[in-house]
Amino acid sequence: MIPLLRRSPIPPGQDRRRAAIRVVAACLAIPLLASVGGCKGRRMKPMLRPLEGTLYIAVGIGELAIDGELQKEIRWRTTMLQNTFRTLQPKVRLQVEVFPEESLPNELRLRNSSGLSPDLLLVNESTARDLARAKLIDTVSFPPTLLDQLDGGSVVRVRRSDGTLIGLPMEPQPLVACFDRRRVQRSPATLSELLAFSAKGMEVGLSLDAVSLAWTLGPLGAIDAVSDLLARQPVTPATRQGLANWLGWLRQADQQQHVTFFPTEAELLKELTAGTLDWIPCRSINLTRVRAVLGQNMGVAPLPSGPFGGASPITRERVLAFGVNSSPVQRQLAMALVRFAVSPLHQRDIVLRSQYVLPVNREVAPQVRSSSVVASMVEGRQQSLQRSKIRLIEGSSKEQREAWQALLTRFLFDDLSQQDALKGLIELLSGWRSR
Amino acid sequence: MNLLLMEIAGWFGYLQRIEVRVQVMVLLLVFLGQGALCRRLAPRFPLARRSDVVIPLLLGLFALVLGLAGFPNGLVLLGLLLYLGWLGLGGVRGLLGRFIQQQQLQLLETRLIRPAYLLVATLLVIRVFANPQDLALIPLGEWFGSEVTLGSFFMAVVIVYVLAMGTGPPAQGLAWLVQRGVGISNGSRRALALMIRYVVVAIGIVWALDHVGFNRAAILAVAGGLSVGLGFGIKEVFSNFVSGLWLLCEGSVRPGEVLVIEGDSCEVRSLGLRAAVLWRNRDNAELVIPNQMFFTTTTVTYTGSDTLRRTQVLVSAAYHHDPNDVIALLEDTARSQPHVLPTPAPKALLLTYGESSISYALRFWIANPMDNVSICSEVQAAVWKAFQDRGIEIPFPQQVQYRMEGPPKS
């Protein structure tokens, strides 16, 4: 007689545990299988089939601390881009994350090693260059027909020696003067006027950050000195004289009762919106924040010139760079989005709607006549194009910029004589290396 | 809130990438399939029975293979790291066990260490998918007239939880310092520690509400409205809470006090928001008694002004023994017992002349009221021995029955 085969009894609780494991496995496997299988019910030609998926965009921010206002602003801009882009690709979703630009290399190392890098990064050109050098982003190529539409200088700056691009320039952000119209009737046109206005009570705020303060180098005759030092040229008496003029003016400004130096531009903005300051140099991207507080009282003008020429501000170029882990569909979507972002349609839209950036597409002409804000931004951009070597300052490391700030702070607090400050500055700029 | 849900839902979009899918599948395979694998391998390799060995090995192996193949393996490594961390908690438990009592360690582990680890693990996982700093700014909605962000809400909850669960040892330390400085009793020290905890948690809650940015006027208005409803709805809870606070201040029911509940000595273990927990020595039972009960009924305590207790044993001796000798022997016997206090001196008394014996009471003092029964037992045993040595009889009750003859039959 053949004995009946019986299953060994299951210990109490084990069947329940197995059932729970099955449920968990099912819950995790369903999205996986769905993503593997995809929705392939409708068969369409690849050309006609709309792209579908989530596109991850990392937005790098420079000086400003991440706060609710900034996040809202960035999300609003992304939503605007998404809404218009959906007219082309209706099944796309953009997911935005905000990171301080300085933390991006470490962040990307972590993400790339997990396969979770963002598909696109909106960062400063200098940051994109560093990331490309560290192979943390993918370099790309675009057809010449597209690049020809864009500002030539901007394209040159993102092009590598092998002809590929570290990204596509999207929005230049010039430096302009922002002021409170309730306190200041018109912005000073020259540096002497700036000091004269401050002597009459206008509260002036200046940032000690190298990039934010570079605009004063041109009017004071120090731009060539700094450019030469950055280009590793030998130190000449003219170099010394140029820097001495500049340091002399900084000391003179600091001795004014109504001129205050702050470490970063973020603090200038805070003080202007709080009503403590009346006049500051500010990045055009921050105009929306200032306008949100000052409203119609916000005044925007080009930065003052000086005895040695016009202001020498550094225009920040924002670049759309590409992450390394995108799936083929995500890469296709990212390329499509980038092309859309620099298209005349979108460029015109962002300039007209927000007036905080200039178009990179040459086919879009900024409305200089109808808007003094846009006119000031265009002027600021022109000023920065005239002295391109000064842009090397933007590529400095955090330590170098901190050393710059520390040196100037000690000088302004009389902890360093002008001679010592001059010597220190020459040493610092001579050893200035791009990140 | 919608934004947060959209954000989390958006993370599933990473599954579009083959690298991410492979890593998730590896993790699922290892964590869900290791049981079956262990059962198959166990007969050949006894070490395979241990999941704490198999899981790290498998994860490490897969991470290595992915790395060598040029595939991202960060998620698998993160899984390995988190699993090893979880195993490491066992080591932390062993280490802390050397310094902390088992019961306190259990509480510390379940209420603070493991939740803290899970929190850190969750943040680490989130950190891979999104920037927590950015995520923290997502608004959850407008509560009490102010916009509450995920970060401020989360931080407030964590801080209140940590204060509620983790302030025990620091509060006890502070109370101990006060005891050393001022010389308060042990009961007062425990009460002080509890009150410090209540104060710190209360301040924490106020701070948390302020940190989140709630409108204080709105909170007060809502609290006013709620208090009426709560007063009717859960008045017993409030009554017990207020009673607990009052008892702490009054000092009659504090942790460490010894109370008599239904004839048994019980030690107060803790005085909570709702109820006090008392330990009964007789059967090692814990009694959970609502605070209100102590507030409304008579409480007998042996630790009000001091911890001494006078107790007694009853004993009988035969009529033919001189009561003075018996009394002297009883007192000597009590004095010889190690747990009987020498002062106040033990006292024996002749209580009554019974039917078959003379009843005596031996009264003596002990230091710990909770040891009453055991010390009484020791004393009674010693009395029996002393009586036997001195030939003193403990008589049984005796009854003499006379049989009466009935009337003569006529």
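# Questions on a predicted two-chain model

Me: In this predicted model, how many of the nine residues of helix α4 (residues 125–133) of chain A are buried?
Reply: A residue counts as buried when its relative accessible area is under 20%. Helix α4 of chain A is mostly covered. The buried residues include A:Glu125, A:Asp130 and A:Leu131.

Me: Which elements of chain A are included in what covers the buried residues of α4(A)?
Reply: The buried residues of α4(A) are A:Glu125, A:Ser126, A:Thr127, A:Ala128, A:Asp130, A:Leu131 and A:Ala132. Their cover includes both helices and strands of chain A, namely α3 (104–114), β3 (120–124), α6 (152–158) and β10 (316–322).

Me: Is A:Lys135 buried or exposed?
Reply: A residue is exposed when its relative accessible area is over 50%. The relative accessibility of A:Lys135 is 70%. A:Lys135 therefore counts as exposed.

Me: Where in chain A is A:Asp414 found, and is A:Asp414 buried or exposed?
Reply: Phi of A:Asp414 is positive, near 65 degrees. A:Asp414 belongs to the loop between α16 (398–412) and α17 (418–430) of chain A. Its relative accessibility is 57%, and the cut-off for the exposed class is over 50%. A:Asp414 therefore counts as exposed.

Me: Why is chain B described as more spread out than a compact globule?
Reply: Chain B contains 14 helices and ten strands. For its 410 residues the globule rule gives a radius of gyration of 22 Å, and chain B is well over that value, so it is more spread out than a compact globule. Along the principal axes, its C-alpha atoms fill a box of roughly 120 × 70 × 65 Å. The radius of gyration of chain B is 34 Å.

Me: What percentage of the residues of chain A count as buried?
Reply: Chain A has 17 helices and ten strands. Its accessible surface is about 19900 Å², with 55% belonging to carbon and sulfur atoms. Of its 435 residues, the buried part is 53%.

Me: Which helix supplies the largest share of the lining of the largest pocket?
Reply: The largest pocket has a volume of about 1700 Å³ and is lined by 40 residues. Several elements of chain B each supply at least two lining residues, including α5 (102–129), β4 (264–271) and β5 (275–280). The largest share, ten residues, comes from α9(B).

Me: How many residues in the lining of the largest pocket are nonpolar?
Reply: Among the lining residues, B:Leu107, B:Gln172, B:Leu194, B:Arg197 and B:Ser270 lie nearest the centre of the pocket. The lining includes ten polar and seven charged residues. The number of nonpolar residues is 23.

Me: Which residues does B:Val288 touch, not counting those up to four places away in sequence?
Reply: B:Val288 is part of strand β6 (residues 285–290) of chain B. A touch requires heavy atoms within 4.5 Å. The residues touched are B:Arg274, B:Ala275, B:Ala276 and B:Val277.

Me: Which residue is joined to B:Pro344 by a cis peptide bond?
Reply: Most peptide bonds are trans. B:Pro344 lies in the loop between α13 (323–335) and β9 (347–353) of chain B. The cis bond has an omega of about -10 degrees, and the residue joined to B:Pro344 is B:Thr343.

Note on methods
Residues are numbered from 1 along each chain as its sequence is written. Chains are lettered from A and ligands numbered from 1 in the order in which they are written. This is a predicted model: local features need pLDDT of at least 70, side-chain atom pairs count only at pLDDT 80 or more; totals for chains, interfaces and linings use all residues. Side-chain values use heavy atoms; hydrogens and water are left out. Buried means under 20% relative accessible area, exposed over 50%, partly exposed in between (1.4 Å probe, protein chains only). Helices (H or I, at least four residues) and strands (E, at least two) are DSSP runs, numbered from the N terminus. On a 1 Å grid over the protein atoms alone, a cavity is a set of points where a 1.4 Å probe fits but cannot get out, and a pocket is an open set with protein on both sides within 12 Å along at least five of seven lines; lining residues have an atom within 4 Å of a point. Grid points are joined across faces, edges and corners, and a volume is the space filled by probe spheres set on the points. Ala, Val, Leu, Ile, Met, Phe, Trp, Tyr, Cys and Pro count as nonpolar, Asp, Glu, Lys and Arg as charged, and the others, Gly among them, as polar. The radius of gyration is taken over C-alpha atoms; the globule rule is 2.2 Å times the number of residues to the power 0.38. Accessible areas come from the Shrake-Rupley method with a 1.4 Å probe; for residues, only the protein chains shown count as cover.
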